[in-house]
Each structure stands twice: as C-alpha cells, then as structure tokens.
Amino acid sequence: MAGVFLSYDRDDTSRARLVAAALERAGHSVWWDLHVRGGAQFAKVIEEALKAADAIIVLWSENSIESPWVRDEAAVGRDTARLVPVTIDGTTPPLGFRQFQTIDLSRWKGRGTPAALRTLFADVEALAPSDDESAAKTAAPEAPAGPLSRSATSHRRVAYTLIAALLFAFAGGLYWLNGRDRLRVPMVAVAAADNSPVSQSLARNLLVNLGTLQSARSGSMTLVNAVDGSSAPDLLFQAADTSEGGSVSATLALLSGTSHGLLWSKDFRQPSGKASDLKQQVAFTAGRVLDCALEGLSEHRLDAQILKTYLNACAQLSGIAGGDFRLVIPMFRQVTRDAPHFSAAWGKLLLAQASVSDLLSTNGTPDEQSRSDLRRLIAEARAINPGIAEADLAETVLLPATAYQQKLALIDRAARRSPDNPDVLSFRASVLTSVGRMRDAVTDARRASEIDQLSPTLGATYMAALAYAGLFDSASDQLAEIEKLWPGTSTAQDARFLFYFRYGDPKVALGMEQTQTGTAGVRYLIEARIDPTPANVDRLVDFLRARKDKFGEGAGAGRLAYYTLAMGGFHQHDELFDTLMHWGKPTDLALISGAYFRPELHEFRKEPGFLLVMDRAGLLDYWRTSGHWPDFCFEADMPYDCKAEAAKLK
C-alpha cells in the first residue's frame with residue numbers, strides 16, 4: 001500500500017479527516033494531521049514528509065487555493081509526478097494545476113464508497129511501490145505516532161534523491177565534456193526593445209501572459225524578466241510599441257540568447273485601435289511561437305535556419321483558425337526533410353495535411369491527390385517514429401465516413417500515446433460529438449483548453465461542445481472568458497456569433513457582421529427565433545425548401561446540415577424525416593452526424609423514426625457494436641428505449 005501526504009487548508013480539517021480515514025481504511029498510511037502550518041521548525045518536517053510520500057493528495061477548496069503552503073506542496077507533487085488532486089467543494093484548481101484531472105468529492109459526506117472515492121483509491125494504488133520495492137526497503141525502527149511521524153518509505157525516497165543528484169552531477173560532467181547541457185531547463189527572457197513607457201508596458205504584459213504558459217508547461221522553461229540580468233537566457237523576446245498617429249501597432253522579435261541572432265519576428269496592427277487588444281494579440285502569438293521554440297530546443301540536431309523555418313510555420317499556423325492549411329505545409333515539409341527525426345514538426349505537418357484532405361473531401365468529391373499525399377506522409381512519419389500520435393489522427397481522415405468505431409479506436413490509441421496532447425483531445429471531442437457522446441466530448445474539450453490555456457481556438461472548441469450538449473449557461477460563461485482573454489480576435493467573434501445565432505439571445509446575432517454579410521436564410525432563422533410566428537417560420541421553411549431543391553444532392557453535406565438543424569429546430573419533423581430517408585447520398589448523412597445530437601433536434605430524437613435515420617447514417621451499427629449508446633438515449637423525457645427499438649431494426 002502507499003504512503004500518502006495529505007495537503008489541505010487548516011479550515012478544511014473536518015473534510016481532511018474524512019478523506020484520511022477513508023484512505024486508512026483502504027490500507028494506506030496517511031501523513032496529514034499537522035495542525036500548525038508555518039514556522040521554521042515545521043518546514044523541515046513537511047519537506048521530509050513530502051519526500052517520503054508515494055502519493056501527494058491535495059484537497060482543493062476556496063480556502064486552500066489561497067494557501068501558499070498548499071500550493072507549494074501541490075507543486076512538489078506535480079513536479080515529481082505524484083500529485084493526486086481532489087476538489088472538496090467544487091473549486092477549480094489554480095493556474096498551473098488545471099492540466100490534471102481533478103477528482104470531485106464535493107458531494108461525498110464520509111459515507112459509502114462512491115465512484116469518485118474509488119477513483120481516488122485507484123490513483124493512489126497506482127503510485128504505491130511494487131512488492132519488490134517494498135521488500136527491498138531497509139528495515140527501520142517504527143517512528144513515533146502522532147502528527148510528526150514519518151512514513152517508512154522515507155529511506156527509499158532519500159536514496160532515490162541521492163541517486164538522482166549523482167546522475168545529475170554526472171550529466172553536468174558530460175555537459176562540460178560535450179559542450180552542451182541537454183538536461184538544463186531552457187531560460188526564456190522578456191524585455192522591451194526601447195525605453196518608451198508603452199514598450200515597457202507591452203513587455204510587462206507579455207511576461208505576465210507567458211507566465212500562464214509556464215504554469216501549464218511545468219518544468220519546460222524558466223521565465224525571467226531580462227532587466228534582472230541574472231544570467232544569459234536561451235531565448236529572448238523583445239517587444240516594441242510602433243504606434244503612430246491613430247494606429248495601434250507593435251513589433252515582437254525572438255532572439256537567440258547566445259548569439260542574439262534573429263529567430264523570428266512579426267509586426268502587429270490592431271484594427272480595433274485598443275491597446276489591450278494589441279497586447280492580447282501579441283501574447284497569443286508569442287505563446288504559440290514559444291511553444292514551438294521550446295520544441296526546437298529539445299531537438300539537439302536542429303540548427304538555426306531550420307528553427308527559423310519551423311517558427312515561421314508555427315506562427316502562420318496559429319493565425320489560420322480554420323483557413324487554408326496549404327500555406328504552412330511546404331514549410332513543415334522542409335523542416336521534416338532537414339530534421340527527419342523532429343517529431344513535433346511531423347505532428348504539425350500531418351495534422352495540416354489531414355485538415356486539407358478532410359476539407360476537400362467534405363465539401364465535394366474527395367481530392368485523391370491530397371489523400372495520396374497524406375498516406376505517404378503517414379507512412380514516412382511512422383517509419384521514423386512508429387508511435388507518433390498525430391499519424392493516428394491523420395489516418396481517421398482516410399477512413400469511410402461511417403467508420404465511427406475504427407476512427408475512435410485510432411484516436412483512443414493516440415490519446416494513450418500522448419495523453420496530454422491538446423490536439424488529440426480536441427480531435428477526439430469532435431468525433432465523440434459526431435456519435436452522440438456529448439458529455440465525453442465536453443470532458444475532452446475542457447481538458448484540451450486547460451492544457452493549452454493560451455489557445456483561443458481550443459477555448460472556442462470547448463464553448464461549442466458545451467453549447468451542443470445543451471449546457472447554455474456554461475457555454476455563455478466560457479464565451480465571456482474567451483472575449484476577456486482575446487477581445488477583437490476573429491476566433492472570439494466567430495464564437496460569439498455561433499452562440500448567439502443558435503442558442504443565445506438572437507437579437508444580439510441580428511446586429512452582428514456575420515448576419516449582415518450572410519445569406520437571407522441566416523436572417524430568416526434569426527428573425528424566426530426572435531418571433532416564431534407562423535409567417536416568420538413559413539418564410540424560413542420556404543427558403544429552405546427552395547434551397548434544397550436548388551442544390552439537390554450535389555452541393556456537399558454542409559448545406560444539408562444547415563437544412564437539418566433549421567427544419568428540426570422549428571419542428572418540421574415529417575419533412576425532415578422524408579428528406580433524410582430519401583437523400584441520394586447516404587454518405588452525406590454520416591458526414592453531418594454531429595448535427596443530429598444538438599439541442600435543435602431534441603424533439604426530433606424523441607420519435608422512433610429517428611433511429612431509422614441513424615441506421616441509414618451508420619450510427620446504429622456503431623452503437624450496437626461498441627456498446628457506447630448516445631447520451632440522448634438516457635434522457636429522462638425519452639419516450640422509448642433505444643436498445644429495444646434498435647433491436648426491431650435488425
């Protein structure tokens with residue numbers, strides 16, 4: 001069994017006592033009852049107890065997130081891969097700890113063994129020493145009972161610490177022999193390029209925002225203010241305000257800390273004219289480029305020119321947000337040719353090519369050249385790195401639209417290979433939505449946005465997942481967070497329109513630019529939502545009928561999805577059912593599968609005939625085979641049993 005260090009705030013002692021008692025009943029040794037937190041005489045005791053523990057359980061609460069002691073103890077657990085986070089009142093962990101799945105014991109009152117408590121036990125047991133390790137422990141006198149007792153595993157921890165120190169010293173010796181420290185954490189500095197107050201403010205803001213990235217990427221870098229001049233950094237950001245007249249603009253450059261050579265630079269101009277928007281724009285792009293720069297530094301054979309190409313491709317990739325990925329493919333392709341073992345470049349190349357192939361395949365006849373290019377890249381990447389997760393994601397694009405189970409099997413394998421990869425999680429969230437597993441999609445989308453907190457795209461994906469699952473209040477809160485962090489960006493504007501057009505106050509959507517530049521159908525739908533009179537609804541339905549007759553069955557699946565959501569949202573169920581059951585391209589029904597499970601079709605899903613459509617789209621076979629039935633089957637107001645009705649259709 002495991003030796004557990006229980007970190008908590010003193011005001012949460014009663015809840016800590018319940019958790020400690022449950023752990024002890026499960027056979028674990030718990031060090032927790034330290035009623036005085038502070039003072040030099042206790043610091044050493046806490047440090048020794050932390051070293052001795054197999055698992056460090058942190059009880060997050062409104063009290064503990066404000067405690068520097070709890071944060072320090074949590075940081076030890078995080079940085080040594082022993083952290084088991086728990087929330088006891090529903091509080092979200094502070095920045096730097098949100099990338100971990102938090103066990104929710106907020107509803108547990110000390111009785112019974114709910115699923116969350118069993119998860120806690122399993123996580124602790126996973127960190128327990130093996131039987132061989134336990135047998136190898138040095139025998140020692142039993143420590144005195146009471147709050148200052150030490151776990152018997154302390155000797156093993158001290159031994160491991162000494163071994164680690166010796167290995168680190170040996171690695172340091174190799175550095176001086178080989179001329180390069182491959183284990184040192186990169187240092188990243190931020191400075192103003194000139195002494196103007198605005199440039200100084202821009203640099204300070206960038207330092208604060210990149211601190212978020214440092215928290216989310218614990219151990220990947222050390223972030224410093226270049227003014228301190230404590231030591232030479234590996235990378236140096238220089239920010240300069242270039243505003244003049246009525247414009248709001250800036251320049252950001254990334255330099256090598258050793259040679260001071262220019263690695264990347266970009267000029268920014270903020271159309272809104274707001275300095276705050278410019279700062280967010282600079283911070284977002286800097287975060288993306290820094291992520292890529294750190295990946296480049298981890299690749300020891302990457303020379304300066306290759307790194308420059310890679311950073312420029314990364315910077316362009318961050319600004320695409322649903323646009324044409326063909327712009328960055330040649331740059332990533334060049335990097336993989338020059339540095340064939342650089343996995344990060346392969347991952348981005350594969351996802352970019354997959355996006356191109358998917359886009360061309362979805363909106364018309366599949367582009368065989370792009371698919372052939374993707375197959376070749378997947379084979380090349382796997383030949384170099386058989387376990388590359390992005391190859392699994394890219395392969396899903398080559399599968400038939402109805403191959404739901406095969407797609408999810410590949411994505412689940414990618415998630416096992418790269419569990420903290422936000423691209424993998426976001427990708428899986430999208431596919432889970434397409435098979436009706438909305439709650440699972442929300443979980444993955446939230447996790448992706450927590451891991452990469454500087455990405456507005458992942459934040460918007462999380463908002464959409466919440467909205468599609470019918471969690472409108474949570475989606476509204478997430479939208480407010482996006483607009484606060486990335487005001488004026490196209491991603492924020494698109495997220496705002498998506499929410500208000502479909503689910504929020506339609507009067508807000510009516511005044512937005514997307515409505516003014518959209519088709520008449522966009523305005524008709526909004527006006528029907530504002531005032532669903534027969535006249536307004538009939539006008540929308542007539543428009544949809546005319547469009548359906550006009551584009552027929554050759555305009556791709558995008559318009560069919562719009563038609564399906566609009567007709568379902570205004571209860572034109574008979575006509576919608578007839579259209580979907582007689583649509584000449586059943587593949588299109590699979591391509592728009594994500595639309596079937598949105599709130600607009602809630603009433604349509606209640607009709608048993610809906611399962612006939614699902615059978616035609618290939619979803620019924622996936623549910624039967626996988627056993628993963630969609631969320632709507634378990635809603636309280638469902639008038640039929642999905643499994644029973646499905647059995648009739650065999």
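**Close-up views of the predicted model**

**Helix 24 and helix 25 cross in a left-handed manner.** Here left-handed means that the near helix is turned anticlockwise from the far one by less than a right angle, and right-handed that it is turned clockwise. Helices (H or I, at least four residues) and strands (E, at least two) are DSSP runs, numbered from the N terminus. The structure is a predicted model, in which local features need pLDDT of at least 70 and side-chain atom pairs count only at pLDDT 80 or more, while totals for chains, interfaces and linings use all residues. Residues are numbered from 1 along each chain as its sequence is written, and side-chain values use heavy atoms, with hydrogens and water left out. Helix 24 spans residues 557-569 and helix 25 spans residues 573-582; their axes come within 9 Å and cross at roughly 155°. Such axes are lines fitted to C-alpha atoms, for helices over the stretch in contact, and the angles run from 0 to 180 degrees between N-to-C directions. The two helices are therefore roughly antiparallel (angles under 35 degrees count as roughly parallel, over 145 as roughly antiparallel, 65 to 115 as roughly perpendicular and the rest as oblique). In contact (heavy atoms within 4.5 Å) are Leu560, Tyr563, Thr564, Met567 and Gly568 of helix 24 with His573, Glu575, Leu576, Thr579 and Leu580 of helix 25. By class, five of the residues in this contact are nonpolar, four are polar and one is charged (nonpolar: Ala, Val, Leu, Ile, Met, Phe, Trp, Tyr, Cys and Pro; charged: Asp, Glu, Lys and Arg; polar: the others, Gly among them).

**Histidine 571 occupies the loop between helix 24 and helix 25.** The phi angle of histidine 571 is near 60°, a positive value in a residue other than glycine. In general, most residues other than glycine have a negative phi. Histidine 571 counts as exposed because its relative accessibility is 52% (buried is under 20% relative accessible area, exposed is over 50%, and partly exposed is in between, with a 1.4 Å probe and protein chains only).

**Helix 1 and helix 4 pack at an angle of about 60°.** Helix 1 comprises residues 13-25 and helix 4 comprises residues 115-127, and their axes are 11 Å apart. Helix 1 and helix 4 are therefore oblique to each other, and their crossing is right-handed. From helix 1, Val19, Ala22 and Leu23 meet Leu117, Leu120, Phe121 and Val124 of helix 4. The residues of this contact divide into seven nonpolar, no polar and no charged.

**Helix 13 and helix 15 cross at roughly 25°.** Helix 13 covers residues 389-397, and its axis comes within 10 Å of the axis of helix 15. The angle makes helix 13 roughly parallel to helix 15. The crossing of this pair is left-handed. Ala389, Leu393 and Thr396 of helix 13 meet Asp423, Val424 and Phe427 of helix 15. Four residues of this contact are nonpolar, one is polar and one is charged.

**Lysine 407 is part of helix 14, residues 404-417.** Lysine 407 is buried because its relative accessible area is 17%. Apart from its neighbours within four places in sequence, lysine 407 is in contact with Thr396, Leu399, Pro400 and Ala401. Lysine 407 and arginine 428 are 21 residues apart in sequence, with their C-alpha atoms 9.2 Å apart in space.

**Arginine 437 lies in the loop between helix 15 (422-434) and helix 16 (438-451).** With a relative accessible area of 14%, arginine 437 is buried. The side chains of arginine 437 and aspartate 440 are joined by a polar contact of 3.3 Å (a pair of N or O atoms within 3.5 Å; within protein, one must be able to donate a hydrogen and the other to accept it, and residues adjacent in sequence count only if both atoms are side-chain atoms). Not counting residues up to four places away in sequence, arginine 437 touches Leu408, Leu432, Tyr622, His628 and Asp631.

**Alanine 647 is placed in helix 30, residues 642-648.** At 46% relative accessibility, alanine 647 counts as partly exposed. The C-alpha atoms of alanine 647 and leucine 620 are separated by 10.0 Å, and the two residues are 27 apart along the chain.

**The protein chain as a whole contains 30 helices and ten strands.** Of its 650 residues, 49% are buried. Among contacts between residues at least 6 apart in sequence, 60% join residues at least 24 apart.
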